[in-house]
Amino acid sequence: MRFQLIGVNHMSAPLEVRERLAVPESRLPDICRDLAAYPGIEEGMVISTCNRVEVIAHTTNGHADLRGFLHGHFHLTPDELDAHLYEFREKDAVRHLFRVASSLDSMVVGEAQILGQVKEAYARARAVGAVRGQLDQLFSRAFAVAKRVRSETAVGSSSVSIASVAVELAKKIFGTLEGKTVFIVGAGKMSELAARHLMAHGCAAIFVSNRTYDRAIGLAEKFGGQAIKFDDLYSTCDRADIVITSTGAPHAIFRREHGEQFLSRRKNRPMFFIDIAVPRDVSPEMGKLDGIFTYDIDDLQQAVSSHVADRRKEAELAEAIITSEVEKFEARAHTLDVVPTIVSLQDHLETIRQAEIDRVRGRLGQMTPEQEIAVEALTRGIINKVMHTPITTLKTAAKESEATTVIDVVRRLFNLRDKEINKEEKEAPSPPEKKNEVGTRP
């Protein structure tokens, strides 16, 4: 297994760092293409959510420079980034991915949204060819493990999510949401979840605004709210007591001057902004105004802590499932690793056997059918005895961690690597004949 994973999440990096690494959905295909073309990487994909940005790759030799990729792609120096990074290889990378897909590494343990986000990232990477073989198998297994965790434990039994925690925070601020007016900015899945929880807690009115007006209308109609055109956002936002914002904007859409306008029109009645977007939708400067109270996604961590204890026991059961699944995946991966070597070894020895029969046949002349059968049986018996020990050793090693070393030894002993390279060179088209053009160097 030559898997590598590197990234940051809500526990390893502050929001300011996660903002600089966040990748909008529309740019995921491009970054996956860049990653798959990076030196030492055979396949790669990127997961980017409000709480994490992770790069997962299947590498040529298990030592690709993923830190270098992050530094170059996001224009960050090692001093700015490296202290916040975590990095896993091989079995540990598999375990981490299984935990992420199963929502054991989430801010809200057991939330269902992370699995959908990972599946979306996988689909985008696969669509551009950045995920094909090994990563395809890894992610297919990760989705199956996540399904098993949810079906065999109660870790995801309640409907806790980032959105629901945000609404819970609003409820703590106001005591009750009965009669309150709420403005939702953004019409994605997180916004829809927030709207559902707000209605369940008795909000009097909901306004919805989105850059694509049709999506704002669609979400508002679901919950009996009113859609607001994005161009009218700043002239109407002050009508709400609470603003929950979750857009994909690459920069803050609410700045200090907007807060000053809102407070002036509200005659200094306070407004509460709950910002669950990364990068943040609300500028920290706006939160410094008297009368404007802002909460970002890291502020939700305190509200989340009450759920952690409730789910700890179920999370322990889930961890045991993941440990078991990692062992199974590792064993299967090692088995798959040895198969090409066994096939190559069989082909190699069969080629030698056929060549020797042809050589002997040339000396002895035409053999009778009985002689042909005897020679065939004799040579096949010898080949099978020669192959028995290396094949048995390979199959045994496939169940252990030393598979890669044994594969390398067998390939070297039988010169399989050189044989395959020579075969590829033989099958490759000949390069065009070079012409010594005028004005070019010979």
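Is lysine 267 buried or exposed? Lysine 267 counts as exposed, because its relative accessibility is 72%, where exposed means over 50% relative accessible area, buried under 20% and partly exposed in between, with a 1.4 Å probe and protein chains only.

## Basis of the model

This is a predicted model, in which local features need pLDDT of at least 70 and side-chain atom pairs count only at pLDDT 80 or more, while totals for chains, interfaces and linings use all residues. Residues are numbered from 1 along each chain as its sequence is written, and side-chain values use heavy atoms, with hydrogens and water left out.

## Backbone features in loops

Lysine 267 lies in the loop between α12 (256-265) and β9, helices here being DSSP runs of H or I with at least four residues and strands runs of E with at least two, numbered from the N terminus. The phi of lysine 267 is near 55°, a positive value in a residue other than glycine. Asparagine 268 lies in the loop between α12 and β9, and has a positive phi of about 70° although it is not a glycine; asparagine 268 is exposed, with a relative accessible area of 57%.

The loop between β9 (271-275) and β10 (292-295) holds proline 279, and the peptide bond that leads from valine 278 to proline 279 is cis, with omega near 5°.

## Helix α7 and its partners

The axes of helix α5 (residues 90-101) and helix α7 (residues 134-152) come within 8 Å and cross at roughly 45°, axes being lines fitted to C-alpha atoms, for helices over the stretch in contact, with angles from 0 to 180 degrees between N-to-C directions. The two helices α5 and α7 are therefore oblique to each other, on a scale where angles under 35 degrees count as roughly parallel, over 145 as roughly antiparallel, 65 to 115 as roughly perpendicular and the rest as oblique. Val94, Leu97, Phe98 and Ala101 in α5 meet residues of α7 that include Leu138, Phe139 and Arg141, contact meaning heavy atoms within 4.5 Å. By class, this contact of α5 with α7 has nine nonpolar, no polar and one charged residues, with Ala, Val, Leu, Ile, Met, Phe, Trp, Tyr, Cys and Pro taken as nonpolar, Asp, Glu, Lys and Arg as charged, and the others, Gly among them, as polar.

Helix α6 (residues 113-127) packs on α7 at an angle of about 160°, with their axes 11 Å apart, and α6 and α7 are therefore roughly antiparallel to each other. The contact is made by Leu115, Val118, Lys119, Tyr122 and Arg126 of α6 and by Asp136, Phe139, Ser140, Phe143 and Ala146 of α7. These residues of the contact of α6 with α7 divide into six nonpolar, one polar and three charged.

## Cysteines

With a disulfide defined as a pair of cysteine sulfur atoms within 2.5 Å, the count comes to zero disulfides. Cysteine 32 is in no disulfide, and the nearest cysteine sulfur, that of cysteine 50, is 18 Å away; cysteine 32 is buried, with a relative accessible area of 0%. The sulfur of cysteine 203 is 14 Å from the closest cysteine sulfur, in cysteine 237, which is too far for a bond, and cysteine 203 counts as buried at 8% relative accessibility.
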